[in-house]
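Student: Please show me the model. I would like to know what stands behind each word used to describe it.

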Amino acid sequence: MALRMIVVEDNLLTRELLKEMFEVLGHQVVAEAEDLAGAVAAFKRHKPDGLTIDLSLPKEDGLAILKALRAADPNARAIVISGNSQARIREEVLKAGAADFLPKPIE
């Protein structure tokens with residue numbers, strides 16, 4: 001089953017790599033965002049099956065974005081991605097409602 005995804009990432013190269021990865025797996029990236037406002041607007045507009053959210057963003061962190069999306073829609077499914085793979089970070093994002101946590105670099 002093909003999924004419709006949104007990629008929330010401030011780094012253009014990483015966004016392109018994630019988009020390519022999803023397309024190779026047969027999924028569709030319906031939108032990209034770099035911050036909370038863009039992520040919420042894209043989520044409301046496209047109603048995706050899921051999102052990937054970078055934890056470290058310049059304006060707001062990915063955890064704030066995850067919480068805002070889950071407040072808007074408790075069924076919102078997101079995978080949080082971070083270069084910081086400490087156990088407490090993973091626990092925090094999973095407790096906030098992330099479907100999963102992936103450390104960077106993604107293999």
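Tutor: One definition comes before the rest: a residue is buried under 20% relative accessible area, exposed over 50%, and partly exposed in between, using a 1.4 Å probe and protein chains only. This is a predicted model, in which local features need pLDDT of at least 70, side-chain atom pairs count only at pLDDT 80 or more, and totals for chains, interfaces and linings use all residues. Residues are numbered from 1 along each chain as its sequence is written, and side-chain values use heavy atoms, with hydrogens and water left out.

Student: How do you know whether Lys-47 is buried or exposed?

Tutor: Its relative accessible area is 60%. The cut-off for exposed is over 50%, so Lys-47 counts as exposed. Lys-47 sits in the loop between H2 and S3. Helices (H or I, at least four residues) and strands (E, at least two) are DSSP runs numbered from the N terminus.

Student: What makes the strands a sheet, and in what order do they come?

Tutor: Two strands pair if DSSP finds at least two bridges between them. Here five strands form an open sheet in the order S2-S1-S3-S4-S5, with parallel pairing. Strand S2 (28–33) and strand S5 (100–103) each have a single partner strand, so they are the edges, and one side of each has no neighbour in the sheet. From one strand to the next the twist averages 20 degrees.

Student: How do you know that S1 pairs with S2?

Tutor: Strand S1 (residues 4–8) and S2 share five bridges in the parallel sense, and the definition asks for at least two. Val-7 stands opposite Glu-32 in S2. Helix H2 (residues 36–46) packs on the sheet and touches S1, S2 and strand S3 (50–54), its direction making about 145 degrees with that of S2. Such angles run from 0 to 180 degrees between N-to-C directions, with axes fitted to C-alpha atoms, for helices over the stretch in contact.

Student: What joins S3 to its partners?

Tutor: Four bridges join S1 to S3, and four join S3 to S4; both pairs run parallel. Val-7 has Thr-52 as its bridge partner in S3, while Ile-53 stands opposite Val-80 in S4.

Student: Why is S3 said to be largely enclosed?

Tutor: Five of the five residues of S3 are buried, so the rest of the structure largely encloses this strand. Gly-50, Thr-52 and Asp-54 point one way, and Leu-51 and Ile-53 the other way.

Student: How do you know whether the length of H1 agrees with that of a helix?

Tutor: The expected span is 1.5 Å times one less than the number of residues. Helix H1 (residues 12–24) has 13 residues and should span 18 Å; its end C-alpha atoms are 18 Å apart, which agrees. The buried residues of H1 are Arg-15, Leu-18 and Phe-22. Down the axis they fall within an arc of 65 degrees (taken from the directions from the helix axis to the C-beta atoms), so they line one face. Those buried residues pack against S1, S2, S3 and S4.

Student: Why does Glu-9 count as buried, and which side chain does its own side chain contact?

Tutor: Its relative accessibility is 2%, so Glu-9 counts as buried. A polar contact is a pair of N or O atoms within 3.5 Å; within protein, one must be able to donate a hydrogen and the other to accept it, and residues adjacent in sequence count only if both atoms are side-chain atoms. The side chains of Glu-9 and Lys-104 make such a contact at 3.2 Å.

Notes. Contact = heavy atoms within 4.5 Å.
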